[in-house]
Amino acid sequence: DGCGHTVLGPESGTLASINYPRTSPNSTVCEWEIRVKPGQRVQLKFGDFDIDDSDSCHSSYLRVHNGIGPNRTEIGKYCGFGFQMDGLITSKSNEVTVQFMSGIHTSGRGFLAAYSTTDKSDLITCLDNASHFSEPEFNKHCPAGCVIPFADISGTIPHGYRDSSSLCMAGVHAGVVSNTLGGQINVVISKGIPYYEGSLANNVTSKVGPLSTSLFTFKTSGCYGTLGMESGVIPDSQITSSSVLEWPNQTGQVNIWKPENARLKRVGPPWAAFISDKHQWLQIDLNKEKKITGIITTGSTLAEYYYYVSAYRILYSDDAQKWTVYREPGMDKDKIFQGNTELYQEVRNNFIPPIIARFFRINPLKWHQKIAMKVELLGCQFSIGRAPKITLPPPPQNKNDEKNADFMDDFIHSVKTSLQTDKTTFTPEIKNTTVTPSVTKDVALAAVLVPVLVMVFTTLILILVCAWHWRNRKKKTEGTYDLPYWDRAGWWKGMKQFLPSKSAEHEETPVRYSSSEISHLRPREVPTMLQTESAEYAQPLVGGIVGTLHQRSTFKPEEGKEASYADLDPYNSPIQEVYHAYAEPLPITGPEYATPIVMDMSSHPSTPLGIPSISTFKAAGSQAPALAGTCNKLLSRTDSASSAQALYDIPKGQPGLGGADQLVYQVPQSVAHPTGSKDE
């Protein structure tokens, strides 16, 4: 009378003392005899051990024996509060006896243990949860019998289970392992979620759970897709039933709850049987053999009709004539599946091992008021692997080869047998549809890569924006001048700036004028500007822009103190048209002095009226045309080389002028050009 929760499977199982996890009663005893296949041994693992040791294991203890019966030998005797047993207890044979004795005591929960064959080295107990393991992914073996009333789980598939849930009990709920057989689980740990849903599946109720730091789910074969009831892939003609409920409503309209109404999540009434007894059935034709791994059921889903099926059997067939009732391996009784407990909730049951069949039939055994339900099947396509090509030995040539012929017959028979076996046991490789094992790694990798990529793209955008602003700002500061460049026609002249110069000063880089400036010139002046592409341009004579004249200036300044053009202000009268006072380009072989500029001093306030415009140079050839207006104009350059032979005269003062800013020059005398530096 001391035996508690007990499930003894063929390869694994679970056993616990009576009343566990509460205090076991006094003076009770229980003995378990465990037997596995011959040639194998048994290993025992304790999940919890709490037995009173006040009398040194005299009246309360747990004893483990090798063998069964009077010839058994003791392996060990154990007792103690919170006793931690390291490792496993291993037998020497395929039989083990476990004896629990509870004497007079006031406390002690008793024990819970799991057993399996020794080839399952990763055995865990029904009390282990995900928080006991630090690996992000691991494989463990769950024993049979882990659907225990004193363990809780929260969550469901595919969202996952709370980390405080029992691993093996959650595995049964998810349909990964069987409560009757146990099995291997592949657990994947990932980040927790704020809310865990509750559901009923495989006779295990999952409760609603709060936020947790982590969760776990299971890596499976992925054969859990819907087979077409909800989506309509299965046509109405392939859904039949034993009977159909028909009745007229208050308006006289006849209501028919046909079998094709038994589609999960379909709005409207369900299928309902005309007579509610254990001989009713709902049949689904899948059109060909498929691998069926589970079923989901609901009740009527109509509030005014509180109908649902609470228990049922499953039958399957290949021809709809001979039917097989589903049973779990090693069991001699039909498997009874728990159905719905109310009309709305979806309840899932899994088939371990899966069913391979074309015709699928549901036989209700228990119901509420009337038999009514909606259904969806879970599974995947089933394909038979191609049989290997058989290479037969050559036939016997004479009577002496009869032994070889007999061997060939045995060989063919064995191959056919193996192929027939493979036909029903082959499992195709199917893509996983739950959670991939790299969830944790992918999440960590994404958490690093996303910020890095954002920073890189932001940096590139900032660089492009800054470069664009810098380019626009540089263009604005350059004004009307373009950047210097080497003249393509006269590249040697561009190279002069890198060679030693005869003068003390450095050569100045030729200045290029933009097309916008040429457009301001009058039509008569444009051809002169564009006479030659390789012409060198003189420095512009604009007051306030160029302070000094450099080595290649086209004007000869006054001896002594150099006059600054920025100090001159002869243009204080209103100006109608403004042109930049650029000197005209020089010919390739001509002198490096620009055409003189005529200044109209009559408009200056300090100049007496009547003084005509004074030329500072004497140009050979035709005289410059008279200039109208109050601003300086450019004179046409003569093609004669005699202008290069002019000398400068000492400027003479005019009446009413004072200071260097009011000097004018007399017309120079034409004399022979003195020898000297060209750049002077």
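Mentor: Contact here means heavy atoms within 4.5 Å. The model is predicted.

Trainee: Which residues does Ser 116 touch, not counting residues up to four places away in sequence?

Mentor: Ser 116 lies in strand β9, which covers residues 110-117. Beyond four places in sequence, its contacts are Glu 11, Ser 12, Arg 41, Val 42, Gln 43 and Leu 123.

Trainee: Is Ser 116 buried or exposed?

Mentor: Buried means under 20% relative accessible area. The relative accessible area of Ser 116 is 0%, so Ser 116 is buried.

Trainee: Which residue in β13 is the bridge partner of Lys 140?

Mentor: Strand β10 (residues 137-142) pairs with β13 in the antiparallel sense, over 6 bridges. For Lys 140, the bridge partner in β13 is Ile 185.

Trainee: Which elements give two or more residues to the largest nonpolar core?

Mentor: That core has 26 residues, and those touching the most other members are Ile 295, Ile 314, Phe 351, Phe 360 and Ile 362. Two or more residues come from each of β22 (282-298), β23 (308-317), β26 (347-368) and β27 (372-381).

Trainee: What does Phe 351 touch, not counting residues up to four places away in sequence?

Mentor: Phe 351 is among the core residues that touch the most other members. With residues up to four places away left out, its contacts are Ile 292, Thr 293, Gly 294, Ile 295, Ile 314, Tyr 326, Phe 337 and Phe 360.

How values were computed: Residues numbered from 1 in each chain as written. Predicted model: local features only at pLDDT ≥ 70, side-chain atom pairs only at ≥ 80, totals over all residues. Heavy atoms only, no water. Core = buried A, V, L, I, M, F, W, Y, C linked by side-chain atoms within 4.5 Å. Buried < 20%, exposed > 50% of the residue type's maximum accessible area, 1.4 Å probe, protein only. Helix = DSSP H or I, 4+ residues; strand = E, 2+ residues; numbered from the N terminus. Pairing = 2+ DSSP bridges.
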